[in-house]
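Dear colleague,

I am handing over the structure below, and I would be glad if you could read the notes that follow with it open beside you.

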Amino acid sequence: MERGCPRPHFGGAMIEIVRFKEEFASVFADLNYAWISEHFTVEEHDREILDNPFKVIVEPGGEVFFAVTDHGQVVGTAAMIKANDDLFELSKMAVAPEFQGKGLSNELMDACIEFAREQHASTIFLETNAKLAAALGLYNKYGFKHTPLDPNSEYSRANVRMELRVED
């Protein structure tokens with residue numbers, strides 16, 4: 001099914017995955033600040049990204065995806081940050097607590113992978129933490145492979161780095 005088309009599931013709510021809209025920028029920040037604060041400490045690099053997603057993510061060639069209910073409520077987000085012409089970082093995936101465990105992260109992941117392919121990227125990477133078991137399960141399900149940590153990572157909480165080859 002094409003992105004942007006409502007899908008009838010998630011407890012009866014219709015969900016549509018849409019690309020960046022300025023009107024949703026504050027919810028992007030709110031959802032991510034909430035989950036980061038729950039599990040870790042918010043870092044300076046988080047603030048740079050979350051406080052100005054258009055300038056930091058979209059303008060340089062990345063994208064922010066939003067999962068939006070048929071009532072206009074943003075219930076999930078994920079970002080693709082352009083590292084270079086061939087490489088994107090999957091970042092800032094967050095789902096509202098009441099929508100967790102319903103497969104919404106799969107919809108967001110599909111949109112991110114589709115975007116990387118549209119951009120002719122060869123690889124998506126991500127940095128995460130080993131204590132996030134559900135996230136690691138998602139990444140493994142999609143075929144992400146563990147790679148060495150980046151010694152220049154901007155996140156002190158990152159103790160896992162993974163990559164997915166997306167070339168056709």
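Two strands are taken to pair here if DSSP finds at least two bridges between them, and the notes on strand partners below rest on that criterion. Please keep in mind that this is a predicted model.

I begin with strand β6 and its partners. Strand β8 (residues 160–165) pairs with β6 in the antiparallel sense over 6 bridges, and within this pairing T128 stands opposite V160 in β8. Strand β5 (residues 87–95) runs parallel to β6 and is joined to it by 3 bridges, with F125 in β6 as the bridge partner of E89.

The next point is the largest pocket, which has a volume of about 900 Å³ and is lined by 37 residues, of which W35, M93, A94, L132 and A135 lie nearest its centre. The elements that give two or more residues to this lining are α1 (25–39), β5, α4, β6 and α5 (133–141), and β5 gives the most, with 7 residues. Sorted by class, the lining has 21 nonpolar, 9 polar and 7 charged residues.

Finally, a search of the whole structure finds 8 aromatic pairs. In one of these, the ring centres of F20 and F54 are 5.8 Å apart and the planes stand at 40°, so the pair is tilted. Since F20 lies in the loop between β2 (14–19) and α1, while F54 belongs to helix α3 (residues 53–58), the pair ties together parts that are 34 residues apart in sequence. F20 is buried, with a relative accessible area of 16%, whereas F54 is partly exposed at 34%. In another pair, the rings of W35 and F40 have their centres 6.1 Å apart and their planes at 80°, so the arrangement is edge-to-face. W35, with a relative accessibility of 21%, counts as partly exposed, whereas F40 is buried, with a relative accessible area of 16%. Ring pairs also link F20, F24, F28, F54 and F66 into a cluster.

With best wishes

Terms used:
Residues are numbered from 1 along each chain as its sequence is written. This is a predicted model: local features need pLDDT of at least 70, side-chain atom pairs count only at pLDDT 80 or more; totals for chains, interfaces and linings use all residues. Side-chain values use heavy atoms; hydrogens and water are left out. Helices (H or I, at least four residues) and strands (E, at least two) are DSSP runs, numbered from the N terminus. On a 1 Å grid over the protein atoms alone, a cavity is a set of points where a 1.4 Å probe fits but cannot get out, and a pocket is an open set with protein on both sides within 12 Å along at least five of seven lines; lining residues have an atom within 4 Å of a point. Grid points are joined across faces, edges and corners, and a volume is the space filled by probe spheres set on the points. Ala, Val, Leu, Ile, Met, Phe, Trp, Tyr, Cys and Pro count as nonpolar, Asp, Glu, Lys and Arg as charged, and the others, Gly among them, as polar. Rings of Phe, Tyr and Trp (its six-membered ring) pair if their centres lie within 6.5 Å; planes under 30 degrees apart count as stacked, over 60 as edge-to-face and the rest as tilted. Buried means under 20% relative accessible area, exposed over 50%, partly exposed in between (1.4 Å probe, protein chains only).
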